[in-house]
Amino acid sequence: MATASVRRPARRGAPIGRILFLSFWLIFVLAPLYWVFITSIKPSDDYLAVPPVWFPDEPTLVHYTAALFAYRGLDGLVNSLIVSLSATVLSAVLGTLMAYSLARFNTGGKHLAFWVLSQRFLPPVAVILPIFLIYRTLRMTDTHFGLIVAYTVLTLPVSVWMMYAYFRQMPKSMEEAALVDGCTRWQAFWSVAVPLAAPGIVAAAVFAFIACWTEFFFALILTSRDAFTLPTVFRAFIGFQGAQYGEASALAIVSLAPSIALGILAQRHLVRGLTLGAVRG
Amino acid sequence: MQASTAHRSVRRFSLSEWSDRHFKWLLVAPAVLLILALSVYPLLFSLWVSFVNYDFQIPGHAFIGLKNFKQVFADPVARWSLVVTVILSVSSVLVEFLLGLALALAMVKNFRGRGLLMSVLIVPLFISPVIVGQAWALLLQRPFGPTNYLLSQLLGYDVTISWLTQTPWNFIALITADAWQWTPFMFVILLAGLTAIPPNLYEAAELDGVDGWQAFWLITLPLLGPMILLAVTLRLLDATKLFDTIFIMTGGGPGTQTYTSSYYLYTIGFQQFHLSQATAGSWVFLILTAIVISFLVRRLLKAEPT
C-alpha cells in the first residue's frame with residue numbers, strides 16, 4: 001500500500017469533521033471485536049446483566065477450554081492448519097508455474113488467462129453440488145485431501161493473477177542472460193526468476209492462506225465429523241439461545257488471531273491481493 | 001561405438017529440447033488440469049444432473065427433461081431469494097462504496113498515527129464471514145446484545161428491536177455486518193486510486209480558482225472513475241454470493257424471508273436433498289451471474305484502470 005504522503009492544499013474538509021468521522025469509524029470497527037473478546041472472558045452469569053457488563057470483574061478462561069475441547073475446537077484448529085497450509089503451498093506452486101508461462105510466453109493468448117480469472121467469479125453454490133456428488137462416489141467427502149484439492153482450485157485464480165502481474169513487471173533480462181549462458185528454460189525459471197519473484201510468491205501465498213482459513217461454505221458441505229475446519233465449528237452454536245455465547249466468542253478469538261496477524265504483515269501487498277494484481281498500489 | 005554415443009547425445013539433446021519447446025505448456029498443465037477436474041468437469045456433470053431425476057433414494061437416473069427447471073421457476077421462494085440477493089448486494093455495495101470513499105478521502109493526507117490507524121481499519125478483511133456474523137449477532141441479539149440498551153440510553157425511551165427476526169431490521173443487520181467487513185475493501189482500493197492522482201492538478205486548479213467541492217467533482221471523481229468501477233465490480237460479484245452471514249445470523253428467517261439465492265439452493269440441495277432441482281436452480285443462477293459479469297467486465301476493460 002502506497003503510504004507516501006500526498007501534499008495537497010490543506011483546506012478541503014474541516015479537520016474537525018475528519019477527526020470525528022475517523023473516530024466514529026474506529027469505534028465501529030473495534031466494537032464487535034471488543035464485545036467478542038469481552039464475552040469470551042465473561043462469566044456466564046454476566047451475559048444477561050442490565051446494564052451490560054463492559055468489563056467483567058472476574059475474567060475467566062473456562063470458555064476457551066470448553067470451546068477447544070468440549071466443542072472440538074482444537075480438532076478444527078488442527079484440521080484448518082493442515083488443510084490451509086497444504087492448499088496454500090499447492091496453490092502458490094501451481095499458480096507460480098502457470099503465471100510464469102502466461103507472463104513470459106503469452107501461453108494460450110488472453111483467452112487462457114481470462115478463463116482462469118473467470119473461475120474466480122463462479123458462484124460457489126453452482127460448483128459445490130456436483131463436487132459433492134462426485135466426492136461422494138469417490139469417497140472423498142470429509143477427508144483432508146478432498147478439501148485441500150477444492151481449496152487449491154478455489155485459490156488458484158487469485159494466485160495465478162497476482163503472480164501474472166508480478167512476473168509481467170519483472171524485467172526479463174536476467175533470465176535471458178541465463179539462457180545465453182546455456183541454462184535450460186527450467187533452470188532460468190527455477191534459479192533466476194523464482195528467487196527474484198519470492199516476495200510476490202510469499203504475498204500470494206499469504207492471501208491464499210487467509211482465504212482457506214476463513215472459508216466456510218465448501219467446508220460446511222464437504223466435511224462433517226472428521227475433517228471439519230475451524231469456521232464450521234460455529235454450526236454448533238446456532239439455535240442454542242444464549243447458553244454458548246462465551247464458547248462461540250472464545251472460538252472466534254482463537255480463529256481470527258492468525259489470519260489478522262498474517263494480513264497485517266502482508267499489508268503492503270493488500271491492494272494487489274484484493275484486485276487480483278490489477279492495481280499495484 | 002562412436003556412432004551410438006553420438007546418437008544418444010542427440011537423443012538426450014532432443015529430449016531437453018522437447019521439454020524446452022513445450023516448456024510453456026508443461027508449466028500451465030498442472031493448474032489447468034486441476035481446474036478442469038474440479039470445476040469444468042463438475043459443471044458439465046451438473047448439467048446432466050439438472051435434466052435427470054437424481055435422488056439418493058431412487059435408483060437409476062431417469063431423464064425428465066425440463067421438469068427440474070420448471071419446478072425452480074414455479075417456486076415463489078426461488079424468485080423471492082433472487083429479489084433478496086439483488087436488494088442485499090446492491091444496498092451493501094452502495095453503502096460500502098460511499099463509506100469507503102469517505103474513508104479514503106479522510107485518510108489520503110498524512111497525519112500522525114495514520115499507519116497504525118490503517119492497520120486497524122483493514123482488520124475486518126481478514127476475518128471469516130462466519131465470525132463477523134457471529135460477532136454482530138452477539139452485539140444485536142435480544143436480550144443479550146448491548147445494542148438495544150445503548151440505543152435506549154441514547155434516545156431516552158425503551159428500544160426493543162429484535163434485530164435478527166424483525167423486518168426491516170434483519171436486513172439492516174445483514175447489511176451492517178457486510179459493510180463492516182467489506183467497506184475496507186472499497187477504502188483500500190479507492191485510497192490507492194486517490195494517491196495516484198498527481199497533486200499538481202489540484203495546485204493548477206487552485207490557480208484557476210477551482211477548489212473544495214468543485215475540485216472533487218471536476219478532478220477527483222473523473223480520475224477515480226476506473227478505480228471506482230473496478231472496486232464496485234469486484235465487490236458486487238462477491239456480494240451476490242452472500243451465504244455465510246445469512247447462515248449464522250438469520251438462518252434465512254423469519255420463514256424464508258432472508259433467503260439469498262445461494263442460501264435457497266443450499267437448503268434445496270443439502271437440507272431437502274432435491275439434488276436435481278438445486279442443480280437446475282444453480283444453473284439458472286450461474287447464467288444470470290454470467291450475464292452481469294460479462295456486462296461489468298466489458299465496461300471494466302473499456303475503462304482500463306491503471
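Tutor: Let's start with a definition: two residues count as in contact when their C-beta atoms, placed from the backbone, lie within 7 Å. Keep in mind that this is a predicted model.

Student: Thanks! Which residues in H2(A) meet H10(A)?

Tutor: On the H2(A) side they are His63(A), Tyr64(A), Ala66(A) and Ala67(A). Their partners in H10(A) are Gly246(A), Glu247(A), Ser249(A), Ala250(A) and Leu251(A). By class, this contact of H2(A) with H10(A) has five nonpolar residues, three polar and one charged.

Student: And how do I read the packing of two helices?

Tutor: In general, a pair of packed helices is described by the angle between the axes and the distance between them. Here, H2 (residues 62–70) and H10 (residues 245–265) of chain A cross at roughly 75°, and their axes come within 8 Å. An angle of 65 to 115 degrees counts as roughly perpendicular, so H2(A) is roughly perpendicular to H10(A).

Student: What is the angle between H1 of chain A and H6 of chain B?

Tutor: About 80°, with the axes of H1(A) (residues 15–40) and H6(B) (residues 129–140) 9 Å apart. H1(A) is therefore roughly perpendicular to H6(B). From H1(A) come Ala31(A), Pro32(A), Trp35(A), Val36(A) and Thr39(A); H6(B) brings Ala135(B), Trp136(B), Leu138(B) and Leu139(B). This contact has eight nonpolar residues, one polar and no charged ones.

Student: Let's move to the whole interface. How many residues of chain B are in contact with chain A?

Tutor: The size of an interface is often given as the accessible area lost when the parts come together. For this pair of chains we have residue counts: 83 residues of chain B are in contact with 87 of chain A. On the chain B side, helix H2 (residues 23–49) gives the most, with 16 residues. That side divides into 58 nonpolar, 17 polar and eight charged residues.

Student: Which residues touch the most other members of the largest nonpolar core?

Tutor: That core has 163 residues, and the ones touching the most other members are Ala150(A), Tyr164(A), Val188(B), Ile189(B) and Leu190(B). Helix H6 (residues 144–168) of chain A gives the largest share, 17 residues. Leaving aside residues up to four places away in sequence, Tyr164(A) touches Ala99(A), Leu102(A), Ala103(A), Ala113(A) and Gly277(A).

Student: One last thing: where do the domains of chain B lie?

Tutor: The domain assignment gives domain 1 as 1–49 and domain 2 as 69–303. Taken over C-alpha atoms, the centres of these two domains of chain B are 43 Å apart.

Definitions and conventions. Residues numbered from 1 in each chain as written. Chains lettered and ligands numbered in written order. Predicted model: local features only at pLDDT ≥ 70, side-chain atom pairs only at ≥ 80, totals over all residues. Core = buried A, V, L, I, M, F, W, Y, C linked by C-beta atoms within 7 Å. Buried ≥ 20, exposed ≤ 12 C-beta atoms within 10 Å, placed from the backbone. Helix = DSSP H or I, 4+ residues; strand = E, 2+ residues; numbered from the N terminus. Nonpolar A, V, L, I, M, F, W, Y, C, P; charged D, E, K, R; others polar. Axes fitted to C-alpha atoms, helices over the stretch in contact; angles between N-to-C directions. Parallel < 35°, antiparallel > 145°, perpendicular 65-115°, else oblique. Domains from an automatic or database assignment.
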